[in-house]
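Let's take a friendly walk through this protein chain. Here is the model to look at.

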Amino acid sequence: MKSEPGPVLDRLIELRIFGRKPIADVPPYSTNDSAADVVIRALSRAPWRGMCVQSGKEWTFHWRRPMETLDPDSSTISRYVNVITVTAPTRPLAICLAALKM
């Protein structure tokens, strides 16, 4: 899988995530925060949730789902299981790579 941001990855997102054959220019999903948010919205379906965090200079995007059995006394973060986790140098790239793994 291509892991560099740019037009090739953007066209792959257009094809695999949105199901549209990229015959013209496509949004810069892998380099633009607003365009990457469209990818998150397209894939967000209950019970899946996306979460992005920055640590130093890197961004990590998690696709999470609630745990099967919940402990009512547990913290909110421990109520979820990270199903897909991707780390990349930028937020849009982390989102796009996690979307392709999903």
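Which backbone nitrogen does the side chain of S30 reach?

## S30 and its surroundings

The side chain of S30 reaches the backbone nitrogen of G6, at 2.9 Å. S30 itself sits in the loop between α1 and α2. With a relative accessible area of 1%, S30 is buried, where buried means under 20% relative accessible area, exposed over 50%, and partly exposed in between, using a 1.4 Å probe and protein chains only.

Leaving aside residues up to four places away in sequence, S30 touches P5, G6, L9, D10, T90, P92, L93 and C96. Contact here means heavy atoms within 4.5 Å.

## About the model

This is a predicted model: local features need pLDDT of at least 70 and side-chain atom pairs count only at pLDDT 80 or more, while totals for chains, interfaces and linings use all residues. Residues are numbered from 1 along each chain as its sequence is written, and side-chain values use heavy atoms, with hydrogens and water left out.

## Overall architecture

The protein chain has 3 helices and 3 strands, and from the N terminus on they run α-α-β-β-β-α. These elements are DSSP runs numbered from the N terminus: helices are H or I with at least four residues, strands are E with at least two.

Of the 102 residues in the protein chain, 32% are buried. Among its contacts between residues at least 6 apart in sequence, 44% join residues at least 24 apart. The accessible surface comes to about 6400 Å², and 52% of that belongs to carbon and sulfur atoms; the areas come from the Shrake-Rupley method with a 1.4 Å probe, and for residues only the protein chains shown count as cover.

## Aromatic pairs

The structure holds 2 aromatic pairs. Rings of Phe, Tyr and Trp (its six-membered ring) pair if their centres lie within 6.5 Å; planes under 30 degrees apart count as stacked, over 60 as edge-to-face and the rest as tilted. The rings of F18 and Y29 have centres 5.4 Å apart and planes at 25 degrees, so this pair is stacked. Both F18 and Y29 lie in the loop between α1 (7–16) and α2 (33–43), so the pair ties together parts that are 11 residues apart in sequence. Y29 counts as buried, at 2% relative accessibility.

For F61 and W63, the ring centres are 5.1 Å apart and the planes at 75 degrees, so that pair is edge-to-face. F61 and W63 are both buried.

## Cysteines

A search of the whole structure finds 0 disulfides, a disulfide being a pair of cysteine sulfur atoms within 2.5 Å. C52 is partly exposed, with a relative accessible area of 23%, whereas C96 is buried at 0%.

Methods:
Polar contact = N/O pair within 3.5 Å; in protein donor to acceptor, adjacent residues only side chain to side chain.
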